[in-house]
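Here's a quick tour of the chain on display. Have a look at the model first, and then we'll walk through it piece by piece.

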Amino acid sequence: QVQLVESGGGLVQPGGSLRLSCAASGDIVSINAMGWYRQAPGKERELVARISSSGDTNYADSVKDRFTISRDNAKSTVLLQMFSLKPEDTAVYYCNIMAVVGPERWLLETWGQGTLVTVSS
């Protein structure tokens, strides 16, 4: 079992910044990819940013040059620093990890509960 605890969402004005954090815990052997997805009302969930175990990153075109994803392997944490936020960034943001867990070494995908980001004046 893996638990993800997200924090950092909230209300911010256009042009503002927020930082999301996601901490993983549980019977984790190692964490492969870590990422953030988002789902706006009436839309499908989409990838925002992802970071591999080696630190390679990829971003949605809509957030490139505004968002930065990073990870702290010692703390099993993934961060999403968001700058120059726009109203269209409003969504529930979900943390996602792929981890090797348990003595059986299963590869398990886990989602966080989601944190709401609202960009509005």
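## A serine in a loop

Let's start with Ser 76, which is found in the loop between β7 (67-72) and β8 (77-82). Strands here are DSSP E runs of at least two residues and helices are H or I runs of at least four, numbered from the N terminus. Is Ser 76 buried or exposed? With a relative accessibility of 19%, Ser 76 counts as buried; buried means under 20% relative accessible area, exposed means over 50%, and partly exposed is in between, with a 1.4 Å probe and protein chains only.

What does Ser 76 touch once its neighbours within four places in sequence are left aside? Its contacts (heavy atoms within 4.5 Å) are Cys 22, Ala 23, Ala 24, Ile 31 and Met 34.

## Ground rules

This is a predicted model, where local features need pLDDT of at least 70 and side-chain atom pairs count only at pLDDT 80 or more, while totals for chains, interfaces and linings use all residues. Residues are numbered from 1 along each chain as its sequence is written, and side-chain values use heavy atoms, with hydrogens and water left out.

## The whole chain

Zoom out, and the chain has 11 strands and zero helices, so the pattern along the sequence reads β-β-β-β-β-β-β-β-β-β-β. The radius of gyration is 14 Å, close to the 14 Å from the globule rule for 121 residues, so the chain is as compact as a globular protein of that length. That radius is taken over C-alpha atoms, and the rule is 2.2 Å times the number of residues to the power 0.38. The C-alpha trace spans about 50 × 25 × 25 Å along its principal axes.

Take the contacts between residues at least 6 apart in sequence: 56% of them join residues at least 24 apart.

## Strand β9 and its partners

Strand β9 (residues 91-101) has 10 of its 11 residues buried, so it is largely enclosed by the rest of the structure. Which strands does β9 pair with? Pairing takes at least two DSSP bridges between two strands. Strand β4 (residues 28-39) runs antiparallel to β9 and is joined to it by nine bridges, with Gly 35 standing opposite Asn 96.

Strand β10 (residues 106-111) is also antiparallel to β9, with six bridges, and Val 100 has Leu 107 of β10 as its bridge partner. β9 and β10 form a hairpin with four residues between them, and Gly 102 in the turn has a positive phi of about 70°. Strand β11 (residues 115-119) pairs with β9 in the antiparallel sense over three bridges. Tyr 93 stands opposite Thr 115 of β11, and Val 92 has Leu 116 as its bridge partner.

## The other side of β11

β11 also pairs with strand β2 (residues 10-12), this time in the parallel sense and over three bridges. Gly 10 stands opposite Val 117 in that pairing.

Which residues of β11 lie on its covered face, and which on its uncovered one? Thr 115, Val 117 and Val 119 make up the covered face, while Leu 116 and Thr 118 make up the uncovered one.
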